[in-house]
Amino acid sequence: SRSRSHSRCGDPLLGSPSLTRSRHSRHLGACAAALERFGDLGDSGDLAVAAEQLRVARRELGRITGHVGAEEVLDVIFRDFCVGK
């Protein structure tokens, strides 16, 4: 029922639903962890590992903002639609 969903998720007309805030928090936490791993590498770190941590951080932020890159679209196509099998 509508009132039940409002009590669980909040009223989207009055603010962000709880589920959205929880999802954002999860993605921000993953982004922060990737940036921390990037920072822990320092100047002597492997460039490929550093680039991967920045890519992970960008992907997590993109999941919040709705930015979807070609890589994510291809992942969904090959995972969900079994193209080429």
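The structure is a predicted model, in which local features need pLDDT of at least 70 and side-chain atom pairs count only at pLDDT 80 or more, while totals for chains, interfaces and linings use all residues. Residues are numbered from 1 along each chain as its sequence is written, and side-chain values use heavy atoms, with hydrogens and water left out.

The secondary structure comes to 4 helices and 0 strands, where helices (H or I, at least four residues) and strands (E, at least two) are DSSP runs numbered from the N terminus. The predictor's confidence in each residue, pLDDT, runs from 0 to 100, and its values are set out below.

| Part | pLDDT |
|---|---|
| Protein | average of 76 |
| Helix H1 (residues 2-9) | mean of 50, the lowest |
| Helix H3 | mean of 90, the highest |

Of the 85 residues in the protein, 14% are buried, a term that means under 20% relative accessible area, with exposed standing for over 50% and partly exposed for what lies in between (1.4 Å probe, protein chains only). Leu54, which is found in helix H3 (residues 47-65), is partly exposed because its relative accessible area is 38%.

Among contacts (heavy atoms within 4.5 Å) between residues at least 6 apart in sequence, 36% join residues at least 24 apart.
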